[in-house]
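Visitor: Please pick one part of this model and take me through it closely. Then show me what packs around it and elsewhere.

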Amino acid sequence: MAALLVAIFLFQLALMRQGHDWGGDFAQYLSHALNLATFQDYADTGYIYNPDAAVIGPRAYPPIFPLFLAPIYAIFGVDFTAFRVAILVLFVAMVAISTSLFARRLSAWPSLCLAGLLGFCPIFWDFNQQVISEHLFMLWWMLTFWVYQRYRGNFDQPSQHFGPAIVTGLLIYLAVGTRTVGIVLPPALLLTEFLVYRRLTRYAVVSITAAIVFYAIQKFLLPIGGSGYLDQLSEINFHSLTSNFFADSISFLFIWKNGHLNWLAAATGFGLSLIGITGFLKESWPRPQLLSIATVFYFLLVVLWPGANGIRMIWPLLPGFLFWILFALENVPLSTRWRSICLTGFVVFTLACYAGKYSSSEFGPIAGPESPSARELFAEVTKSVKPEESCLFFKPRVLAFYTQRHSVGYPIDLNHPSLNRTLEQAQADVVITQSEQLPELEQLLQQDGFQIEWSNVDYQLWRKKDAS
């Protein structure tokens with residue numbers, strides 16, 4: 001196992017890419033980290049929250065991941081290699097904890113296979129290129145299940161000590177403090193304990209109380225206003241629910257995307273998913289597991305939340321998903337020889353899909369805010385936009401991070417009333433467009449008295465005619 005973990009680390013390190021994509025989450029996390037490292041107001045990132053574009057991002061993120069980034073930022077500055085190495089350490093630690101957790105239900109060979117399937121999965125390699133909070137969240141997520149299984153896994157003689165319960169509460173708080181979706185852990189813990197012991201147990205009460213106390217301490221030390229997540233509740237409708245359910249469900253099949261034959265990934269992935277569901281039911285009966293119930297709650301929450309769809313939303317569930325497939329294959333009602341054949345066939349096929357996916361992947365620099373044209377834009381904004389002014393940009397958190405200027409995002413439903421509402425609320429006198437946006441926005445901006453003041457090959461900076 002140690003040799004395999006080292007191999008995973010070196011493999012991921014060798015395939016590390018340069019640059020970063022335009023996803024704005026990394027910029028807001030780094031802005032928070034900068035504020036923590038310099039003892040500034042945590043929430044003052046320059047990003048202006050737009051209720052007409054709530055899905056862009058909340059007013060402020062939970063503080064645990066920025067706390068993790070802050071010392072790295074203080075030492076190395078904006079060095080994506082340093083951030084990625086730190087994230088890679090979190091990833092390998094998550095693989096080790098997950099394997100240790102599932103090894104209690106799997107034999108040695110399937111346990112090693114699970115570690116390899118997690119560590120070399122192209123999905124995780126792709127996410128390891130991004131500075132996002134899921135890596136730290138997955139560490140707390142899996143560690144919570146590990147601690148619970150360690151001290152409450154023996155249903156006949158479960159631990160009654162306060163220490164493990166408090167540690168469980170701390171891990172729950174850390175998960176919630178890293179990603180808000182961790183809020184599913186307290187009800188999952190309550191339901192698991194109730195279904196197993198038919199009562200409200202002291203362990204559950206102490207754990208959840210400890211989590212609340214830790215959260216209260218955080219709010220006292222780092223008071224943060226409303227994030228804005230609740231603004232998205234009004235966007236829940238039948239279309240969003242069905243769209244999320246479909247996108248989140250088929251995302252599990254991405255494990256077998258091979259970069260060449262999509263129909264093969266879909267067909268085999270569907271069959272393997274049925275095997276995984278079988279393993280889920282078998283492992284959860286007759287006594288439910290905390291991981292099983294938390295997985296169901298997590299999946300339901302991301303289906304419910306508008307815009308929360310796709311592989312990034314469900315990839316914290318992938319370790320459990322692969323475990324349930326291996327668990328089902330190891331427990332098929334066949335001879336030991338045929339079980340080995342089934343397990344080996346599954347592992348070989350999955351690794352072959354990995355190889356196909358890597359063979360069709362890009363390994364060069366990632367196009368994003370590090371590009372020359374974007375750097376030109378940031379330099380111009382820093383020079384020509386006053387600190388008290390604000391800009392309208394399609395990636396407001398990125399612009400705010402790189403320029404230290406205030407920025408608001410375009411409304412999702414872009415039309416003249418929503419554009420004017422956004423400009424008025426943010427008091428924005430500067431608008432930045434991309435070349436592909438011009439046909440859509442040029443007439444609207446000219447109607448409101450804007451004209452192009454600066455441009456390069458990719459971006460245009462507009463300013464009101466009567467603005468200084």
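Guide: Two strands pair if DSSP finds at least two bridges between them. Strands are DSSP runs of E with at least two residues; helices are runs of H or I with at least four, and both kinds are numbered from the N terminus. The model is predicted: local features need pLDDT of at least 70, side-chain atom pairs count only at pLDDT 80 or more, and totals for chains, interfaces and linings use all residues. Residues are numbered from 1 along each chain as its sequence is written, and side-chain values use heavy atoms, leaving out hydrogens and water.

Six strands build an open sheet with mixed pairing, in the order 1-3-2-4-6-5. Strand 1 (47–48) and strand 5 (450–455) are at the edges; each has a single partner strand, so one side of each has no neighbour in the sheet.

Strand 5 runs antiparallel to strand 6 (residues 459–464), and five bridges join the two. A hairpin of three residues connects strand 5 to strand 6. Two pairings can be picked out. W454 faces L461 in strand 6. Q451 has R463 of strand 6 as its bridge partner. In a regular strand, side chains alternate between the two faces of the sheet.

Now look across the sheet. Helix 17 (residues 372–384) lies over strand 2 (390–392), strand 4 (430–434), strand 5 and strand 6. Helix 17 runs at about 20° to strand 6. Such angles run from 0 to 180 degrees between N-to-C directions, and axes are lines fitted to C-alpha atoms, for helices over the stretch in contact.

F39 sits in the loop between helix 2 (25–37) and strand 1. Phi of F39 is near 60°, a positive value in a residue other than glycine.

Turn next to the helices. Packed pairs are described by the angle between their axes and the distance between the axes. Helix 5 (residues 108–119) packs on helix 15 (residues 318–330) at about 150°, with axes 10 Å apart. That angle makes helix 5 roughly antiparallel to helix 15. Helix 5 brings P110, L114, L117 and L118 to the contact, and helix 15 brings P319, L322, F323, L326 and E330. Contact means heavy atoms within 4.5 Å. By class, the contact of helix 5 with helix 15 has eight nonpolar, no polar and one charged residues. (Nonpolar covers Ala, Val, Leu, Ile, Met, Phe, Trp, Tyr, Cys and Pro; charged covers Asp, Glu, Lys and Arg; the others, Gly among them, are polar.)

Helix 15 also packs on helix 16 (residues 336–359). Their axes come within 8 Å and cross at roughly 155°. Helix 15 is therefore roughly antiparallel to helix 16. From helix 15, L322, I325, L326, L329 and E330 meet R339, C342, L343 and F346 of helix 16. The classes here are seven nonpolar, no polar and two charged.

Helix 5 and helix 16 complete the picture. Their axes come within 11 Å and cross at roughly 10°, which makes helix 5 roughly parallel to helix 16. This crossing is left-handed. W109, P110, C113 and L117 of helix 5 contact L343, T344, F346, V347, T350, L351 and Y354 of helix 16. That contact counts nine nonpolar, two polar and no charged residues.

Step back to the whole. The protein chain has 20 helices and six strands. Its C-alpha trace spans about 80 × 50 × 45 Å along the principal axes.

Definitions and conventions: Angles under 35 degrees count as roughly parallel, over 145 as roughly antiparallel, 65 to 115 as roughly perpendicular and the rest as oblique. A crossing is left-handed if the near helix is turned anticlockwise from the far one by less than a right angle, and right-handed if clockwise.
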